[in-house]
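Here is a short walk through a structure. Keep the view open as you read.

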Amino acid sequence: MGNTPLNVQCVYGSAHLHHLQNVLIPALKSTTTRPVRLLTTNYDPHSQATLESGYVDGVEVLDVSNRSAKISGFAENHNRLFAGHPSGDFFIIVNPDCIPQTGSIDALISRKITHKSTKSVAIVEGRQWPFEHPKEYDSLSLTTPWASGAFSLIDSAFYKLVGGMEEMYFLYLEDVDLSWQAWLNRYSVLYEPAASICHFSAGPFLRKDLVSSEQYLSLRNFLIISRKFFGESGEKTALSLLKQSSDRDLSELAIAEYFKDYRERVATTYWGKRHRNVKILGLNRFHEWRKE
Amino acid sequence: MIHVVARSRSSADLFLQNHLSLEADITFELGTRSYFELLNRLIKETPEPWICLVHDDVYLGRDFAHKLSDLVRTLESRWSNWGLAGNAAVLPMQVGYAATEVVRYLSDPHGGPNLAGQILPAQSIDGNVMLLNLEAMRRKLVRLPPFEGFHLYDIVLSLETVKAGLGVLACPQLACWHGSKGNQQDFNRARSSHTFDEYLLSTVRNKIVQTINGEHEVQVDDAGLILRSGIDIQIDSLKTATAGRERKSIAIVTRTQFTRPSLLKRTLDTVKAFVSAARDAAHFASYLVTDATAAVCPDGMMKNTTLLRANFPHQGDSRYQLVKFAAESIEADYFWFIDDDDWLFPNEAERLSLVISSAPADSIIFLGCQHFAEQSLSGDFEDAGSFRSTPGKYYPAANFLASLSGSNHTPFCGQLFPRRTLLSIPTKVYDSVTYYEDYMTTLFALLSTNCFPIAVDKLYVGISVRASGNTITETDRTKWNSSMSELVSHMVNLPELSHMLSLPVHSLRSDSSVQSLRNQIAERDHHISSLLNSTSWKITRPIRVLIELMRGRLRLSELVRRLRKL
């Protein structure tokens with residue numbers, strides 16, 4: 001097992017190329033004692049900026065060509081990388097703007113393997129630094145309602161079982177969706193504080209003069225996830241929350257697009273299924289704040 | 001080459017009368033019904049490579065034609081991608097001691113100039129005096145939409161220039177008196193036009209566009225346009241203005257004794273992330289400087305970093321000596337000193353790269369940085385991966401002038417110093433100051449007569465604050481006090497520095513005085529609140545209501561409404 005390459009999946013854009021080459025890939029070797037196979041793909045099929053496959057800084061890089069007709073979403077790309085490359089018992093996903101810290105992947109693996117629970121572990125999430133997500137996790141069991149897709153270990157059998165990540169979102173909230181599917185399929189989701197990763201993405205960098213895709217898609221996707229897991233009543237609550245949001249114009253536009261293009265496509269598989277970790281406590285809030 | 005847009009023959013005559021020295025250079029544009037149409041015609045049909053287009057209510061200096069020719073020569077040689085220039089502009093960065101985004105190289109009924117001497121990149125300019133690079137505009141097919149009237153043409157022309165890939169600049173050579181009759185109401189009326197918003201939606205991807213007259217929020221009523229393409233006026237105005245300029249170099253210097261390798265690795269990893277994100281406008285390179293003799297660099301840490309070892313004759317605290325050593329040893333235009341436990345945020349690296357590329361020589365560039373209180377989850381303070389970091393005090397880039405108040409308001413890592421400034425600090429200063437080396441350098445730079453401050457108020461650096469290992473938290477202040485003594489002694493005995501230290505203290509409100517005022521207000525509020533809650537105040541309330549009724553300050557219907565609510 002020690003010599004089987006561990007698949008680490010990363011979806012990138014042309015702006016991430018230098019970071020991948022100069023920072024992320026060189027850092028990967030120190031994250032685990034296992035051999036690493038970094039599976040990458042550019043989400044823009046028309047971009048000329050792609051990584052070269054080969055052995056770089058002790059890592060086997062395998063860049064997979066994106067044959068989509070247009071820019072493909074986070075879930076679609078990860079599902080494609082997963083489907084095309086057998087991954088062993090688990091695999092890692094990492095965002096292209098991250099710097100994984102020394103021993104961080106081994107910390108995720110160790111938690112996955114040694115965790116004592118009646119439930120199988122579907123996802124182990126690493127800790128983001130310096131802006132750690134302030135969401136709750138149980139300090140004894142390390143369970144958490146949802147795991148961020150920025151840096152996580154995912155159980156391969158579970159991923160196959162649920163058919164990978166939901167592609168409808170395009171970007172944002174597919175990680176919450178995947179976590180909720182884990183809880184509703186009797187798996188657990190863990191948070192591993194010892195697995196640290198630099199991820200410079202948070203509120204301080206949002207520009208007030210631009211609408212970020214995160215702001216807009218998070219609103220639209222909030223309606224999708226609310227309907228998918230909480231049915232008609234979830235959708236109603238979500239609509240009410242969007243209408244009370246600070247950016248009313250953006251909310252109204254998100255609502256319009258949701259009704260026009262998405263609502264009828266939302267699956268009803270999880271309607272009526274409940275778990276205490278599958279919860280909505282506010283607009284795009286799926287957790288209690290950590291008490292520390 | 002000077003085209004005057006005159007409202008009538010008589011205003012043209014008056015203009016000529018006031019500018020007899022420029023008579024040979026003046027052409028009048030009479031009967032104009034649309035500034036947009038006029039601009040399109042001038043771009044298309046005027047044979048000259050460039051023209052200066054002015055309002056008929058400006059007064060140009062006697063040597064304006066001479067300044068204009070000089071300016072064009074300067075632009076051609078130093079801002080070769082220029083397309084448009086004006087004398088008042090909103091910039092994509094903050095400049096000068098006031099750290100303003102609006103620069104005025106003119107005088108008008110609203111005020112006088114607020115800066116001098118520098119050509120700077122602009123998001124948009126005011127139209128009172130505009131220098132148009134017609135040749136470049138024709139080459140890049142600049143064309144304005146067919147709008148009517150005499151408003152907003154300057155913003156639209158600026159945006160079209162940037163959209164076409166040409167630079168927009170603010171230039172002091174275009175200074176004038178502008179007898180402007182325009183006001184904020186006229187501007188507000190013009191910008192409320194639905195057509196203007198439609199134009200912006202098809203041109204920029206910003207939802208807020210800064211103008212000289214304030215921010216304009218673009219109204220979006222189509223979901224498909226929210227995440228639209230188009231220029232990002234903040235970044236693209238910098239890119240176009242700086243295209244073709246000489247590439248400046250920046251040394252990111254980390255001074256280290258290799259005592260905390262894990263933290264140092266974290267620092268260097270983030271420096272590499274920054275360098276990767278900075279793109280090509282400027283050249284960033286990472287350097288480690290040390291005088292540690294037996295230092296061992298951990299495996300892989302040095303990739304893409306240059307190590308420079310100093311060999312100082314005397315042992316002791318070498319932190320300031322290493323600054324001098326770096327400035328003397330590294331050929332770079334700018335120096336950015338990062339402590340070996342700090343980290344860089346790469347998110348706005350490209351913006352900084354472009355700002356540096358556009359910065360005048362000897363600019364000192366201030367950046368936003370923030371304290372982070374760090375705790376080790378494992379208890380191992382040498383293991384950077386175990387740190388949980390809580391954001392603390394943010395140091396705004398524009399607050400640098402407060403450092404003249406007697407205490408330091410800008411961390412060392414929040415400043416980029418020109419090499420020339422570092423090299424001009426006397427050796428005796430480097431030899432005697434240790435702990436306040438950052439403050440000493442900041443003061444020396446700010447008080448240099450050729451200092452030009454630029455502020456980029458984005459978060460660039462995280463500053464690690466831990467329970468131990470930071471000199472800032474040392475309880476024995478002997479070294480701090482001793483260093484302050486050296487600093488003060490040098491500062492007040494360097495005659496080559498400016499007299500900025502004598503700025504009135506009341507114009508530099510320090511945090512402590514603001515806090516003191518807040519405390520006073522809170523005290524008064526508490527006093528008022530205790531009065532309102534007192535029994536005597538409540539008992540006497542009916543009497544006060546009765547008096548208010550008698551004096552007509554309260555209507556009976558209002559009283560009934562209040563009683564019903566109880």
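Where is the place of A:Leu173 in chain A? A:Leu173 sits in the loop between H4 and H5 of chain A. Helices here are DSSP runs (H or I, at least four residues) and strands likewise (E, at least two), numbered from the N terminus.

The model is predicted: local features need pLDDT of at least 70, side-chain atom pairs count only at pLDDT 80 or more, and totals for chains, interfaces and linings use all residues. Residues are numbered from 1 along each chain as its sequence is written, chains are lettered from A and ligands numbered from 1 in the order in which they are written, and side-chain values use heavy atoms, with hydrogens and water left out.

Stay with A:Leu173. Its phi is near 80°, a positive value in a residue other than glycine. Most residues other than glycine have a negative phi, and most peptide bonds are trans. A:Leu173 counts as buried, at 9% relative accessibility. Buried means under 20% relative accessible area, exposed over 50%, and partly exposed in between (1.4 Å probe, protein chains only).

A:Phe170 lies in the loop between helix H4 (156–161) and helix H5 (174–184) of chain A. A:Phe170 is partly exposed, with a relative accessible area of 35%. With A:Tyr43 and A:Ile71, A:Phe170 forms a nonpolar patch on the surface, about 250 Å² of accessible area together. Patches are made of residues with over 30% relative accessible area and no salt bridge; like charges are joined within 9 Å, nonpolar side chains (Val, Leu, Ile, Met, Phe, Trp, Tyr) within 5 Å. Accessible areas come from the Shrake-Rupley method with a 1.4 Å probe; for residues, only the protein chains shown count as cover.

A cis peptide bond joins A:Trp129 and A:Pro130, with omega about 5°. A:Pro130 is in the loop between strand E7 (120–129) and strand E8 (151–155) of chain A. In chain B, B:Asp362 has a phi near 65°, a positive value in a residue other than glycine. At 11% relative accessibility, B:Asp362 counts as buried.

Now bring the chains together. In contact (heavy atoms within 4.5 Å) are 36 residues of chain A and 43 residues of chain B. Between the chains, 5 salt bridges are counted. A salt bridge is a side-chain nitrogen of Lys or Arg within 4 Å of a carboxyl oxygen of Asp or Glu. The side chains of A:Lys208 and B:Glu215 meet in a salt bridge, at 3.0 Å from N to O.
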